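The following paragraphs go through a structure by way of its side-chain pairings and its chain interface. Please have the sequence and the coordinates open while reading.

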Protein chains: 2
Amino acid sequence: MGYSDVDRLAINTIRVLAVDATFTANSGHPGAPMGLAPTAHVLFNKFMDFNPKNPKWLNRDRFVLSNGHGCMLHYALLHLFGYAVSIDDLKNFRKVDSITPGHPEAHDTPGIEVTTGPLGQGFSNAVGLAIAQAHTASVFNKPGFDLVSNYTYCIFGDGCAMEGIASEAASSAGHLQLGNLICIYDDNHISIDGDTACAFTEDVLKRFEAYGWHTQWVEDGDHDLEGIEAALEKAREVKDKPSVIKVTTTIGFGSKLQGTGGVHGNPLKADDCQAVKQKFGFDPEQSFVVPQGVYNLYHKRATEGAAKEQEWNQLLEKYGQEYKNEHADFTRRLAGDLPEGWEKNLPTYKPSDPAVASRKLSETVLTKIYQVIPELIGGSADLTGSNLTRWKDAVDFQPPSTKLGDWSGRYIRFGVREHAMAAIMNGLAAYGTIIPYGGTFLNFVSYAAGAVRLSSLSRVRTIMVATHDSIGLGEDGPTHQPVETLAHFRALPNMMVWRPADGNETSAAYYVALTSKHTPSIIALSRQNLPQLEGSTIENAVKGGYVLHEAENADITLISTGSEVGICVDAVKYLKEHHKITARVVSIPCFEIFDAQSKEYRLKCLPDGIPSLSVEVMSTLGWERYAHEQFGLNRFGASGPYKDVYKKFEFTPEGISTRAIATVDFYKGFKPRSPINRAFQQLI
Amino acid sequence: MGYSDVDRLAINTIRVLAVDATFTANSGHPGAPMGLAPTAHVLFNKFMDFNPKNPKWLNRDRFVLSNGHGCMLHYALLHLFGYAVSIDDLKNFRKVDSITPGHPEAHDTPGIEVTTGPLGQGFSNAVGLAIAQAHTASVFNKPGFDLVSNYTYCIFGDGCAMEGIASEAASSAGHLQLGNLICIYDDNHISIDGDTACAFTEDVLKRFEAYGWHTQWVEDGDHDLEGIEAALEKAREVKDKPSVIKVTTTIGFGSKLQGTGGVHGNPLKADDCQAVKQKFGFDPEQSFVVPQGVYNLYHKRATEGAAKEQEWNQLLEKYGQEYKNEHADFTRRLAGDLPEGWEKNLPTYKPSDPAVASRKLSETVLTKIYQVIPELIGGSADLTGSNLTRWKDAVDFQPPSTKLGDWSGRYIRFGVREHAMAAIMNGLAAYGTIIPYGGTFLNFVSYAAGAVRLSSLSRVRTIMVATHDSIGLGEDGPTHQPVETLAHFRALPNMMVWRPADGNETSAAYYVALTSKHTPSIIALSRQNLPQLEGSTIENAVKGGYVLHEAENADITLISTGSEVGICVDAVKYLKEHHKITARVVSIPCFEIFDAQSKEYRLKCLPDGIPSLSVEVMSTLGWERYAHEQFGLNRFGASGPYKDVYKKFEFTPEGISTRAIATVDFYKGFKPRSPINRAFQQLI
């Protein structure tokens, strides 16, 4: 304990930097940084271990600013402690191509752990980071080798506290007894609509208690540095529960408008900027000024952190001598590389093999690879028996006291919490030692859309196992049958949406998903059985699209995915027998990967001169990119046995043939250009 | 109080019907109906007022089964009480084109209030129904005329309790002190993954207490009918808080597998079906048997309900004599019709009018129409000042005790709870007297995707005011800039996605949204100013697409939406001046409405022989449907002042011209067929 003038100066420096940066940007959120500066100062300078020179040191304490709009708080700290965030970077706050965007983006800025701003996400990422720490520690720590011992700290505001995703994540964290997770609730009573009294009057700490969290309240977060420190100290001592500390603060502390909505999302006026500086002993005429004493204070802490990393590196080296295999595995996982030869475990299929649902094929993949890829950790949002995401002898990730598993367990019971699951996966992936997967119905990936979007933006390797992928789920009906979902996620940049047609394509989907270090995947899988197709191989399918069935002088190309590919193959026979029409079949299990192939290859698949028809029991939106004509489902499905539902919507060899004939007729005497030919390249 | 054998017989009849229907369907969820039958019996037979012959009677008590997979409970009750749900309908459970689909769908089945199944939705709809009741009562009730006095009852399970959306809605309901809302938590300890101990160990009642709810616990929900009744009675007496009653039940009560996951999502085995029937005194060899005494009991209650409606109709008639205007308004609202001539209030604009952000144009529409459309009730998910969803002298919908508004207020402070907002809107719309709207950033409509999907499926008139609709929001950056969102919701059946280009188009969007009784809308609006365009009129824009700028012998058609239409108009000049290229411009503010126009009209807009280029700062997915070539943003945006961001991605007259020239070159010597021409019609 014991705080002096330099501490207060440091706190006020953070505040003034936030004022200057938002003023210069003429945009941004000064209020939260000004209110949270005391808390952040105590947290960073007294508790957190990190080395600004190596922001990726594994055993660093993690910090997540879930109220990401307050990012000037974090950017200021990163700069002051000596991360590669310069004072010019602060001056470029919210400018195009800066490393200081309007909300923190993990892939761009050293020291930013996860991409936050969309409310509730960071909080849920923090739960993922804490799970990752507990699991990794359990797997790798040995007596005398406390290799993995970091805490995860998270600050969240009223907005995050209102979001359902954070409720889901908090309930999970309480159940999981994550003693390594310490969250600070910035209780400033202000959200964009003004005083939270207008919409948010619940007792937040009582709610967290109900989830099983340890709770504390620091009543004067503006001044009571000792109180903040004591609460953090206490929270670290509580090992069997996550902790939340409500810190009551004044938003925009120091501004003329402090404590009001006026300082939340707008820069201070020029005269207020000056007044703040004067109040805090800064020259009102100067901007972006950092007193040397503040640099000295923070650099001292950074040096201590660097020394801790140095010690840790020595520990790791010694660990390598005593635990050679574990060490090799640990460093391999840190590099993000898969074990050599792992792909030999991927199952392959012959056309004579039995028809199997692709969700079951996915289960087979997991069962075959889990032993060779120990970093593969996942679960399901309470649909384990339907998603088939659990290999037979999996151990649950659970607090040992539950007797339902242990910390080394690799199967996570996410509960009916799709949105938190996806955000927790983002946190798991961000930790550095885990490749996470999570199961739900494809339709309910939509519940998780907010987090899935951030998987893409933050370029993490997560895998969503999305079963029951169409009207083929049958009786559950339109409430559960996705129609728009594939279009949605195909439109999301940097997201691989897979819809494999059979066993080989399912293996290919996992192959690409697991080897793509910076791209998340959604694998859409059928409930119903699918035949093993002639012409499908892993080698073909990893290209994202390929000619499954070639034919000379073809009249038409049928292009399809997943469960409809097999029906297209049947339609080829039907067309030949009944209509003397020759059709070829192209399977495109993943648009994103197919698009990345050479134009020459794509034109081989979808050549000029042959009309084409896409066949997929979903919205046709987007299929115009590949096919001249589209057979799809631009309406909701129906509840009934799946074969009846397919028949109702005419997704049968006959129904496909009808559209194929119409397409051939429409293009009679006309050699259409392949849709692969484009006038210009898209920006990427 | 006082329950006799016939009550127990009725309860067991419900159970046996659920067993028979799921067995016959070979699919479905018998467990919840078997466990909940006692609760539902007490609720329906002792408390709820309804008339099965007129399921739309306004003052009926509302019932929502949020755990919609247990719908055989509700279907059985509807049949037994005499709704137009026959025993054959029960036999057709989960069959194609039945009125008894796998999850309840409001538009198909008499007596189903809202479409449930996706977990957490029904609970949140119930909050909407309760808000609607409180508001409608406050507006129309007069001394001696308690015209609107119904309760909303909702049953929800562990799954709903885990979903974030329900947490959001529960927090809102607590804040709003909705004493007319009574929720029953089916505490059966089972979800799909088995015992809830594996993922859900929080104290649910304590959590609801923290939200400000009144809480009770019935420990033996399998037998304690008196306890259930007493708790419901007590809950009705609590007028200043919503109530939750935890009823501990045995899932699948009566089955050999009762109390286990085995009865959750699978029919009972044949021998178990027989055993259940024997146990409950039914003939094990017969199915779908209803003892006459049960019909008698329930029909008596139904008759009482019909009499109550009769009384109410008389009250309404008398009300009409005393309060002529209110009565006229009330009946008009019930019919779903708008006041005559309301559309005269829609603002129109001339090209000489100043450039205005379309979010601001939306505010002007709301300001001009709120007085003539009193059923228009809405709010924002804590972005009021950004969404501009509040007219200046709006009164908040708030409990009077908060002194922040009153029950007659028409502005709802949803809090940072997008998903619950959308589901509450579905409930508001389902009540019958309200047209709801809600504001958030377009990017965060994705948080609400689960509920927005059900707006479409259940065919309700809801309006999502989705501002900050693109990279044009500028500094907030990629975390807030939608790219995939329009494609997502354009792929959703029965959803109108509007992206107006100026004032007249904004008025048109509201016109169509408000007059489409069975179709929800999302109106995407700009943060930045947009010019008033030459050629835009309400009459044009209500067609969903039109020729904004015609040109003879055009070399190219530019097709665009929203903020890019004005840039296309500038590009026309640029192309002419710099490249002697003649371009025409088509604005398509709403795909769904444009698609509904005649082919002739659409071909007039997008004629054969002229190559076309779409221009929209979003994913190009889906634009191939209208344009030969697409200029879009198939990547994430950037944080910076919006003009810099537009420039970075070349959405300028010059950038558009470059693509237009490439398109013209690509089609040189070739008269392309309009994409409007298709080989065959889509199923709808």
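Predicted model: local features only at pLDDT ≥ 70, side-chain atom pairs only at ≥ 80, totals over all residues.

A:Trp312 has a relative accessible area of 7% and is therefore buried. A search over all chains returns 74 aromatic pairs. One of them joins A:Trp57 and A:Trp312 edge-to-face, with 6.2 Å centre to centre and 65° between the planes. A:Trp57 belongs to the loop between helix H2 (31-47) and strand S1 (62-65) of chain A, whereas A:Trp312 belongs to helix H11 (residues 292-322) of chain A, so this pair ties together parts that are 255 residues apart in sequence. A:Trp57 counts as buried because its relative accessibility is 4%.

In chain B, the rings of B:Phe444 and B:Tyr447 also form an edge-to-face pair, at 5.4 Å centre to centre with 90° between the planes. B:Phe444 has a relative accessible area of 6% and is buried; B:Tyr447, with 4%, is buried as well. Back in chain A, ring pairs connect A:Phe44, A:Phe50, A:Phe63, A:Phe81, A:Tyr83 and A:Tyr298 into a cluster.

Rings also take part in arrangements with charged side chains. In chain B, the charged end of B:Lys46 is placed over the ring of B:Tyr3, at 4.6 Å from the ring centre. Another case involves both chains: A:Arg673 lies over the face of B:Tyr667, 5.0 Å from the centre of that ring.

That last case leads to the interface. How many residues of chain A are in contact with chain B? The number is 114, and they meet 114 residues of chain B. The size of an interface is often given as the accessible area lost when the parts come together. Here chain A and chain B bury about 10000 Å² between them, and 57% of that is on carbon and sulfur atoms. Of the area that chain A buries against chain B, A:Tyr447, A:Arg453 and A:Leu683 supply 8%, more than any other three residues.

On the side of chain A that touches chain B, helix H16 (residues 449-457) of chain A gives the most, with six residues.

A polar atom of the A:Thr663 side chain lies 2.7 Å from the backbone oxygen of A:Arg659. Apart from neighbours within four places in sequence, A:Thr663 is in contact with A:Ile556, A:Pro611, A:Ser612, A:Leu613 and A:Glu629, and also with B:Ala679 and B:Phe680 of the other chain.

Salt bridges are the remaining topic. Side chains of opposite charge can pair when their charged atoms come close. Over all chains the count is 72 salt bridges. Among them, A:Arg207 and A:Glu202 meet at 2.6 Å, N to O. Are these two partners buried or exposed? A:Arg207 has 2% relative accessibility and therefore counts as buried, and A:Glu202, at 11%, also counts as buried.

A second bridge in chain A joins A:Asp337 to A:Lys517, with 2.8 Å between the closest N and O atoms. The two residues are 180 residues apart: A:Asp337 is in the loop between helix H12 (324-335) and strand S8 (356-357), and A:Lys517 is in the loop between helix H18 (503-515) and strand S14 (521-524), so distant parts of chain A are linked. A:Asp337 is partly exposed, with a relative accessible area of 34%, and A:Lys517 is partly exposed at 35%.

In chain B, the side chains of B:Arg659 and B:Glu650 form a salt bridge at 2.8 Å, N to O. B:Arg659 is buried, with a relative accessible area of 7%, whereas B:Glu650 is partly exposed, with 32%. Finally, a network of salt bridges in chain A links A:Asp49, A:Lys300, A:Arg301, A:Glu304 and A:Lys308.

Technical notes. Residues numbered from 1 in each chain as written. Chains lettered and ligands numbered in written order. Heavy atoms only, no water. Polar contact = N/O pair within 3.5 Å; in protein donor to acceptor, adjacent residues only side chain to side chain. Contact = heavy atoms within 4.5 Å. Phe/Tyr/Trp six-rings, centres within 6.5 Å; stacked < 30°, edge-to-face > 60°. Helix = DSSP H or I, 4+ residues; strand = E, 2+ residues; numbered from the N terminus. Buried < 20%, exposed > 50% of the residue type's maximum accessible area, 1.4 Å probe, protein only. Lys NZ or Arg CZ within 6 Å of the ring centre and 35° of its normal. Buried area = accessible area lost by both parts, 1.4 Å probe. Salt bridge = Lys/Arg side-chain N within 4 Å of Asp/Glu carboxyl O.
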